[in-house]
Amino acid sequence: MRPVAISVDVPAVSRDLARKAGYTFTILSDPDASVIRQYHLLHVGGGPEGHDIARPAEFLIDRTKTVRWDNFTEDVRVRARADEMLAAASQLH
Amino acid sequence: MDAAKRWNTATIWAPLLAIGALATNFVFFLNPPMQATLPWVGLALALAALVLLGVGIRRAIAHWQNYRGRAFSVVFSVLALIFAAASLFIFSHARALPKSAAAPQVGQQLPDFTLEDTNGQQVSLDSLFRSSPGEPSSPAPKTVLLIFYRGYW
């Protein structure tokens, strides 16, 4: 399973985040939220100073790009746990 | 004579419960199991704090001469109100998320996209299923976990 993170942060900000947190997985930038909008994940005014951002969501997709598992949290404080996501992924392998 | 006076305990418990409600926000960072219940624990503590605050105020008004430490009770009551209100504000703000009803569902095929990675490379969704360029001998991933996050960390 390959984790890939996406947000409106520009690559420089994501690079900084990855360096500080020690992340080695791929982080992609969607600064005008075009993909976020395409996936209907836009949170209008959800960011600081009213910026449009993505609402938190995870999708596990297979090689045909079909969604096999998803998670839409109702509370930004509740994050999907790594063991839940790994369990979902292991059922597909 | 102060002998018969007692403490208005409801006004002591109210701020403690309200602090407990605020404290649940820090428990999230410990990533515990069943963390989906934490918001409701926090809400229950905040509401319980407000109930006790009301009880304490009622008792104070009806029998003020029976209670000692009245100045403390006033301070504790104000703190309870502030902390409980803060906890309720955090609760509603953290859950103010769009419904995203049209977002991709299980079984749906995602359209391709191309976005820039941290190295300035244009990366397509299809390419994510190929071996990492830096590790050509590693197996190609069978699944990709797309993690959309808020950013601005």
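Guide: Start with the buried residues of α1(B): Ala10(B), Thr11(B), Ala14(B), Pro15(B), Leu17(B), Ala18(B), Ala21(B) and Thr24(B). Buried means 20 or more other C-beta atoms, placed from the backbone, within 10 Å of a residue's own; exposed means 12 or fewer, and partly exposed is in between. This is a predicted model: local features need pLDDT of at least 70 and side-chain atom pairs 80 or more, while totals for chains, interfaces and linings use all residues. Residues are numbered from 1 along each chain as written, chains are lettered from A and ligands numbered from 1, both in written order.

What do these buried residues pack against? Their partners are α2 (38-62) and α3 (70-94) of chain B. Packing here rests on contacts (C-beta atoms within 7 Å). Helices (H or I, at least four residues) and strands (E, at least two) are DSSP runs, numbered from the N terminus.

Now the helix itself. α1(B) covers residues 10-27, which is 18 residues. From first C-alpha to last, α1(B) reaches 26 Å. That is close to the 26 Å expected at 1.5 Å a residue, with the span taken as 1.5 Å times one less than the number of residues.

Move on to the strands of chain B. β3(B), residues 114-117, and β4(B), residues 122-124, run antiparallel and are joined by three bridges. Strands pair if DSSP finds at least two bridges. Thr114(B) has Ser124(B) as its bridge partner in β4(B). The two strands form a hairpin with four residues between them. Gly120(B) sits in that turn, with a positive phi of about 80°.

β3(B) also reaches across to the other chain. Two bridges join β3(B) to β2(A), and these strands run antiparallel. There Ser29(A) stands opposite Glu116(B).

A further pairing crosses between the chains. β1(A) and β5(B), residues 143-148, pair in the parallel sense over five bridges. Ile6(A) has Phe148(B) as its bridge partner in β5(B).

How many residues does each chain bring to the contact? Chain A gives 58 and chain B gives 44. On the chain A side, β1 (2-7), α1 (11-21), β2 (26-29), α2, β4 (53-54), β5, β6 and α3 (82-90) each supply at least two residues.

Chain A has three helices and six strands. From its N terminus, the order is β-α-β-α-β-β-β-β-α. The C-alpha atoms of chain A fill a box of roughly 40 × 30 × 25 Å along the principal axes. Of its 93 residues, 34% are buried. Among chain A contacts with a separation of 6 or more, 21% link residues 24 or more positions apart.

Two loops of chain A deserve a look at the backbone. His40(A) lies between α2 (34-38) and β3 (42-43). Its phi is positive, about 55°, although His40(A) is not a glycine. His40(A) is partly exposed, with 15 other C-beta atoms within 10 Å. Lys65(A) lies in the loop between β5 (57-62) and β6 (67-72). Phi of Lys65(A) is also positive, near 65°, and this residue is not glycine either. Lys65(A) is partly exposed, with 18 other C-beta atoms within 10 Å. Most residues other than glycine have a negative phi.

How values were computed
Two residues are in contact if their C-beta atoms, placed from the backbone, lie within 7 Å.
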